[in-house]
Amino acid sequence: METNGLGPKGFPELKNDTFLRAAWGEETDYTPVWCMRQAGRYLPEFRETRAAQDFFSTCRSPEACCELTLQPLRRFPLDAAIIFSDILVVPQALGMEVTMVPGKGPSFPEPIREEQDLERLRDPATVASELGYVFQAITLTRQRLAGRVPLIGFAGAPWTLMTYMIEGGGSSTMSQAKRWLYQRPQASHQLLQILTDALVPYLVGQVAAGAQALQLFESHAGHLGPQLFNKFALPYIRDVAKQVKARLQEAGLAPVPMIIFAKDGHFALEELAQAGYEVVGLDWTVDPKKARRRSGSWY
């Protein structure tokens, strides 16, 4: 029962649910709009806020994350907010050092090089407890949104996180990570499973903290062809959705729509549409009408 304009857990009642209704496949009066990088360098206030401290120090500050999440909404009539964070907080929580190098991007001083390096990783069951600052940021932001629009939580998918952890940062070819798939398939599956086991409680924790939708970013899908994608990426994408939904139910939490975004993964649209997510995100290279026909959602 909701009273005094407050929803469950005392959060302000949602005023604009257009994004959520669209994500659940319902008819809406208009097409809701949000941007995956709403908090970004195009905003002068973002640059000013970010200049005050190190990138990952910002990620660990619930107050700073809340402020950066809300900044775009003060300028634009967006239909959703997405929490300010980074996909690489998960490898950090697994015990890997990650720094953000100006002009270069993320850097892992000690990347995973050999199979025995997997032993350095923390128990994935402890990851959610290491990421309490993300949950705090979500709860704080949900309160300060005052029900204006829904709040989206997110994480990187296992293959994408694996590439960073092995390459030691960004890469145009992902040659070292792909070499693992060919030369160390068993160890690759071991690492992908560790990441899946870390992601599931992390995403469930985001919902418990107040996230009203979840997005999984398979940002490096395009570095795999259909065969490698179906073997090393898709099974874990499916497993994340299946486990998150089951655990939300077990915890007595209401289901939330889940979005899968596989950048340059146009070759797997049909498979992604059957992977257990309510929404399949498209990149700029895909025609939306053709994608809907291929996914069986519209003819």
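Colleague: Where α8 passes α9, is the crossing left-handed or right-handed?
Modeller: This is a predicted model, and what follows should be read with that in mind. As α8 passes α9 in this model, the crossing is right-handed.

Colleague: How many nonpolar residues does the contact of α8 with α9 have?
Modeller: On the α8 side the contact is made by Trp-159, Met-162, Thr-163, Ile-166 and Glu-167, while α9 brings Ser-175, Gln-176, Ala-177, Lys-178, Trp-180 and Leu-181. Sorted by class, this contact has three polar and two charged residues, and the number of nonpolar ones is six.

Colleague: Which term describes how α4 and α7 lie to each other?
Modeller: Helix α4 (residues 62-75) packs with helix α7 (residues 132-145) at an angle of about 45 degrees, their axes being 8 Å apart, and the crossing is right-handed. Residues on both helices make the contact, among them Cys-65, Cys-66 and Leu-70 of α4 and Tyr-133, Ala-137 and Leu-140 of α7. An angle of 35 degrees or less would be needed before parallel came into question, and perpendicular begins at 65, so α4 and α7 are oblique.

Colleague: Turning to the sheet, which strands form its edges?
Modeller: The sheet is open, with five strands paired in parallel in the order β1-β4-β5-β6-β7. Two bridges join β1 to the parallel strand β4 (residues 151-156), with Ile-82 opposite Ile-152. The strands that pair on one side only, and hence the edges, are β1 (81-82) and β7 (279-281).

Colleague: Which residue of β7 stands opposite Ile-260?
Modeller: Strand β6 is paired in the parallel sense with β5 (residues 213-218) over five bridges, where Gln-215 has Ile-259 as its bridge partner. With β7, which also runs parallel to β6, there are three bridges, and the residue opposite Ile-260 is Val-280.

Colleague: Is β6 largely enclosed or exposed, and how many of its residues are buried?
Modeller: Met-258, Ile-260 and Ala-262 point one way from β6, whereas Ile-259 and Phe-261 point the other way, and all are buried. Strand β6 (residues 258-262) is therefore largely enclosed by the rest of the structure, the number of its residues that are buried being five of the five.

Methods: Residues are numbered from 1 along each chain as its sequence is written. This is a predicted model: local features need pLDDT of at least 70, side-chain atom pairs count only at pLDDT 80 or more; totals for chains, interfaces and linings use all residues. Side-chain values use heavy atoms; hydrogens and water are left out. A crossing is left-handed if the near helix is turned anticlockwise from the far one by less than a right angle, and right-handed if clockwise. Helices (H or I, at least four residues) and strands (E, at least two) are DSSP runs, numbered from the N terminus. Contact means heavy atoms within 4.5 Å. Ala, Val, Leu, Ile, Met, Phe, Trp, Tyr, Cys and Pro count as nonpolar, Asp, Glu, Lys and Arg as charged, and the others, Gly among them, as polar. Two strands pair if DSSP finds at least two bridges between them. Buried means under 20% relative accessible area, exposed over 50%, partly exposed in between (1.4 Å probe, protein chains only). Axes are lines fitted to C-alpha atoms, for helices over the stretch in contact, and angles run from 0 to 180 degrees between N-to-C directions. Angles under 35 degrees count as roughly parallel, over 145 as roughly antiparallel, 65 to 115 as roughly perpendicular and the rest as oblique.
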